[in-house]
6 protein chains.
Amino acid sequence: MSEVAGRLSIQVGAQCLEAKNGGRGILLSGVSGVAPAKVVIIGAGIAGTNACHVAAGIGAHVSILDINPTRLAYVRDIMKGSVTTIMSNHANIEEEILRADLVIGSVLIPGAKAPKLVTRDMVRRMKQGSVIVDIAVDQGGSFETTRPTTHDNPTYIINGVVHYCVANMPGAVPRTSTYALTNSTLSYALAIADQGVEVSMTQNKALKKGLNIYKGKVTLRAVAESFGMDYEEAQF
Amino acid sequence: MSEVAGRLSIQVGAQCLEAKNGGRGILLSGVSGVAPAKVVIIGAGIAGTNACHVAAGIGAHVSILDINPTRLAYVRDIMKGSVTTIMSNHANIEEEILRADLVIGSVLIPGAKAPKLVTRDMVRRMKQGSVIVDIAVDQGGSFETTRPTTHDNPTYIINGVVHYCVANMPGAVPRTSTYALTNSTLSYALAIADQGVEVSMTQNKALKKGLNIYKGKVTLRAVAESFGMDYEEAQF
Amino acid sequence: MSEVAGRLSIQVGAQCLEAKNGGRGILLSGVSGVAPAKVVIIGAGIAGTNACHVAAGIGAHVSILDINPTRLAYVRDIMKGSVTTIMSNHANIEEEILRADLVIGSVLIPGAKAPKLVTRDMVRRMKQGSVIVDIAVDQGGSFETTRPTTHDNPTYIINGVVHYCVANMPGAVPRTSTYALTNSTLSYALAIADQGVEVSMTQNKALKKGLNIYKGKVTLRAVAESFGMDYEEAQF
Amino acid sequence: MSEVAGRLSIQVGAQCLEAKNGGRGILLSGVSGVAPAKVVIIGAGIAGTNACHVAAGIGAHVSILDINPTRLAYVRDIMKGSVTTIMSNHANIEEEILRADLVIGSVLIPGAKAPKLVTRDMVRRMKQGSVIVDIAVDQGGSFETTRPTTHDNPTYIINGVVHYCVANMPGAVPRTSTYALTNSTLSYALAIADQGVEVSMTQNKALKKGLNIYKGKVTLRAVAESFGMDYEEAQF
Amino acid sequence: MSEVAGRLSIQVGAQCLEAKNGGRGILLSGVSGVAPAKVVIIGAGIAGTNACHVAAGIGAHVSILDINPTRLAYVRDIMKGSVTTIMSNHANIEEEILRADLVIGSVLIPGAKAPKLVTRDMVRRMKQGSVIVDIAVDQGGSFETTRPTTHDNPTYIINGVVHYCVANMPGAVPRTSTYALTNSTLSYALAIADQGVEVSMTQNKALKKGLNIYKGKVTLRAVAESFGMDYEEAQF
Amino acid sequence: MSEVAGRLSIQVGAQCLEAKNGGRGILLSGVSGVAPAKVVIIGAGIAGTNACHVAAGIGAHVSILDINPTRLAYVRDIMKGSVTTIMSNHANIEEEILRADLVIGSVLIPGAKAPKLVTRDMVRRMKQGSVIVDIAVDQGGSFETTRPTTHDNPTYIINGVVHYCVANMPGAVPRTSTYALTNSTLSYALAIADQGVEVSMTQNKALKKGLNIYKGKVTLRAVAESFGMDYEEAQF
């Protein structure tokens, strides 16, 4: 689903940049003779890389930040000169977002709260009519100013910056999302159906890694910590 | 402004494909493992070619139709295998749009009414939830089912097909559009300011070509014919 | 050798599509104004990915199917929008091959029989003059209708579908194949020459993995199972 | 039809390079670790440029020669660094073809005999097993050693060099060729059907340019000169 | 020779950016995690477009300015999103060069003095250690601060900005330049040798356009005006 | 720093090819109608792959050699047909460098001496005015003819071949290099500052791997062997 959210984030961001939605009234791609928008993507994981493909494909100026040098090198290998890879740290994030038209927050740490990388003060100094899309909002979000919204009322404006923070972004394109989800999960479902929960969990590490709660106990450490609950390893 | 409208058409089309807007609920780009949407662009002029760049850049399946083989060859030269160029005729248009998720109508003939290339019957047989964006709507439109809409209420649905037919599409991104328009027109404005209307019209063929009305007479033949008015060549 | 076979498969497939060979009489790349052929590649391993590079490079429409989402994401990363990645399952295979002009079967499981992914019934419903190239034919093939052929008599036709199933495809381009094979194997040959069989096998895991028979015993489990023979781990 | 012939020329050339057809036994694209074939295209017109797209798309080393610097600059613009453009002259042609694995002759001058750019002596010094495809063979050919062949018996070998010189190359892919031909000619046919020969010829310059014979007279100068016949301008 | 100068300008500019030459000590391409240099090219003619290909190919951020919208659209068509095209005017030039690391001046008007597009004041406000390469210097240059230099002593520094203004840039790569020059001029030389000056000038418009002086008179208007001399049309 | 050195190597190599520096006087990229230079890169590690990106981006002919087939396949995947990957062995190295205009030596084995892959005799037979850049020179170099030079006096000529062997190449672009180095090392510095040497070394494998000397003992085996000193594993 990270792929769906990542690709969709550019599409909804482009839409938020339209004047009627409170945005700067600019076209993501620019036209010949007029510069394109500047897109800043924080996090080069699956969601961020997919956002990167779409934004660069459209013709925007794209910067992508991450703390993992190997990942940045891979993104550079596949995208060549069409995007700028930047080491993620406080100074670089600040420098980039103050010049951005569209900022995508795509830092997702499985099961854990997303770190707050962009402060309220930075947002205050962003350009009027710029746009934030926070893919990580259902895990707390990467921005101090983001809070979950819904497809019915997807955006709000703080200090002139449009915030799009729909908690279930892939729900906008249910057909694509359903196929994507089924692709990822069908093999697990079949394993459980064939072998039962206990056996399949024992034999399939990836499946066990995804177990959140078992017999009333939280069995995923990150989840337990996020909610201040007790963690207990699952025993079959 | 054709560049703005062309590039914007894919962005608004993507948006119309979202489920909440009546579309098929699919993501234009697809994701790995799930096929992208099929985009059909009728007309490979400036608007159509710009739509083509954006749609192919996002990763959609793109077909572009035109009646001019030289133009199709140029589009193929610059886009390589990433789009399919198809000779435009009744049979090919029909075959393409029945499989399309998004159809862009971009046939603009300066000053003249756009030809009706897509019949009401064809639209009736299109896929449920597919989308039509008619860039030529302010010249009558290329579809029998299109009629002008506004940014406040941009779409309507006929036979399950979402129609986006905003007459002034570039108005959605006023900042980009203003720069683009200024780029194209500033040199004309300067010429008129420097030399006056008569001299500048006499010395500058392109400027004279754009003269619609002069001293109460319609001086552009295509406009006169479209409105059933008398045409008279401008005399300075 | 999988690279050679994969790249060659598109070349021979293009040739089979010529009318005189029983094919549909279409050009893989299309021309401007005429759509290219649709190529479906089953399996995104080394052979399939190489086929993918050539087919997309020529300008064909390419779909590639695999059961491994990570591999599909990698193919999408490097090929961008120029190919469609699709999760491999019975329904998707059927949908794709019924619209295909050229189908490449490239599912190779080292030492084991290739799974029969395409049934006789699906082949019966394929387009007249479409083409199947089965790279996995020397391991039984991925199609119920394939059986090994030779370079002298490389194709046969079933239900109007041209089958190319040469068991030793790389033999068509012996100069390239010899270099490729030497590149992959020379270091193993040198290790055996330097250290003798026993020592080199002990020190070099990859080498030992390739041992099929040792002192009269089948020492590769997949081979033993395929032929119904006893398996015994090699002891040095 | 030049597009079809150009694109097809690489496909048949690849095939001629297979060992069983007398070629060098190399794969046009190479594989990782083994260099690809060297393709030399003489003539950067429509046929040559299309050959160029396919050969470069497959991954071969491509040089393309022409006497027109503007055309070479355009080819470089669209192909970037993936092909080498070279000014066509005797010395450059010789240097290139002596290192070539596949030479495409695509110099077509409408109605006139193709110039003999490659001498018998140059062919004698080409690599054993290299391949010549002469697209211009039905106008005499660009090589001293080429003479028309047929689809039934498409090649012959001189001094170890495989010659493919089918006079009607597009006939190999009749479906694609028919569509391509119809795309180019349908508008002319409709004009003649609507207005009759005389009126349509008078009103349509392109149509008149294509008139070869009228009322028993050769009305195209180049054709008349090629066949040593009298030329007479058509009068309607 | 404009192609040579254009492509070379990026190479020498990269070199001037090295710290020991007075530049900012940055690598044109950047590396993964560190942003590339910003290159601004003024003029999208042959020299500018070639500079653009090299700079974008290396992976720099490239903006290219021109006053011709059709040319900008062509550059965008072939370069896609990898460069930013900007309408050239005083405001845009100023905005761009103040953020530039490397500025290429490539505005060449045949025979006439290059317009001074960049003022001394703008140069004063450029970044310390940034670089200017003025391809048009032998026609007066596009910058108020440029004056011709030589290969022996190619650069000087004004207000911390490195200026490279070698009047005969292609002389740095004589082998490439000689071939390029011969490609462009050989056909003219042959025409003069075959037909004599007068006949060849009469029959060949392009040749006559290049005539600067004939029988002691300046026969090219732009040259005459630049040097304040009398102009006289050549009579044969 | 390997990325910086790799990318810089092409830039300095291009410069050495200028006539005034003793080079062949050719432009790396060529121009339309004139072939580009041939660049041979020995080693497809990080430095070599980065050199490859720049050289191919400029439009040179690029061959890259390595002994690791998986690495070559990856380079081919990301570079497609724009570079030639070749298995590294004595014969292939010799064949390639004798035709090269620019050779980049980028074989770096952490801590160990670079192997001498190019003999003095091979260099003697290289083209007059060709260029060698040895990135590995501070570890002894990959060429028998290379010895360390400095930024003040970066090149020397042997047998007509220009040698660029600056031991500290990244020093040419200190700004980029400092950022790149900080990106790679800051996390280690923070770990040491937070936890002290002993704890951080114990908890962080990568950090311990980088420990060269501890309490007067050489703790990295490769370094010890290179200098003929005793090796002792670090104990905390």
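A crossing of two helices is called left-handed if the near helix is turned anticlockwise from the far one by less than a right angle, and right-handed if clockwise. The structure shown here is a predicted model, in which local features need pLDDT of at least 70 and side-chain atom pairs count only at pLDDT 80 or more, while totals for chains, interfaces and linings use all residues. Residues are numbered from 1 along each chain as its sequence is written, chains are lettered from A and ligands numbered from 1 in the order in which they are written, and side-chain values use heavy atoms, with hydrogens and water left out.

Two packed helices are described by the angle between their axes and the distance between the axes. Helix H1 (residues 2-16) of chain D packs against helix H2 (residues 46-58) of chain D at an angle of about 35°, and their axes are 7 Å apart; here an axis is a line fitted to C-alpha atoms over the stretch in contact, and angles run from 0 to 180 degrees between N-to-C directions. H1(D) and H2(D) cross in the right-handed sense. Among the residues that make this contact (heavy atoms within 4.5 Å) are D:Ser2, D:Gly6 and D:Ile10 of H1(D), together with D:Ala47, D:Asn50 and D:Val54 of H2(D). Sorted by type, the residues of the contact of H1(D) with H2(D) comprise 7 nonpolar, 5 polar and 2 charged, where Ala, Val, Leu, Ile, Met, Phe, Trp, Tyr, Cys and Pro count as nonpolar, Asp, Glu, Lys and Arg as charged, and the others, Gly among them, as polar.

How are the chains related to one another? Chain A is superposed on chain B by a rotation of 180° with 0.0 Å of shift along its axis, at an RMSD of 0.1 Å, the copies being fitted by least squares on the C-alpha atoms of residues with pLDDT of at least 70 in both. This is therefore the relation of a two-fold axis. The C-alpha of chain A nearest that axis belongs to A:Gly57, 1.9 Å away, and 100% of the contact residues of chain A recur in chain B, so that the same surface serves both copies. For chain E and chain B, the superposing rotation is 120°, with 0.1 Å of shift along the axis and an RMSD of 0.1 Å, which means the relation of a three-fold axis. In chain E, the C-alpha nearest this axis is that of E:Ile78, at 3.4 Å.

The size of an interface is often given as the accessible area lost when the parts come together. Chain A and chain B bury about 3100 Å² between them, 54% of it on carbon and sulfur atoms, where buried area is found with a 1.4 Å probe and summed over both parts. In this interface, 36 residues of chain A are in contact with 36 residues of chain B. Chain E and chain B bury about 670 Å², 48% of it on carbon and sulfur atoms, with 7 residues from chain E and 8 residues from chain B in the contact. Chain A and chain D, by contrast, do not touch, and their nearest C-alpha atoms are 14 Å apart.

Finally, a search of the whole structure finds 54 salt bridges over all chains, each being a side-chain nitrogen of Lys or Arg within 4 Å of a carboxyl oxygen of Asp or Glu. Between chain A and chain B the count is 0. One salt bridge joins the side chains of C:Arg124 and C:Asp121 (3.5 Å, N to O), and both residues lie in helix H5 (residues 120-124) of chain C, 3 residues apart, about one turn of the helix.

Key:
Buried area = accessible area lost by both parts, 1.4 Å probe. Helix = DSSP H or I, 4+ residues; strand = E, 2+ residues; numbered from the N terminus.
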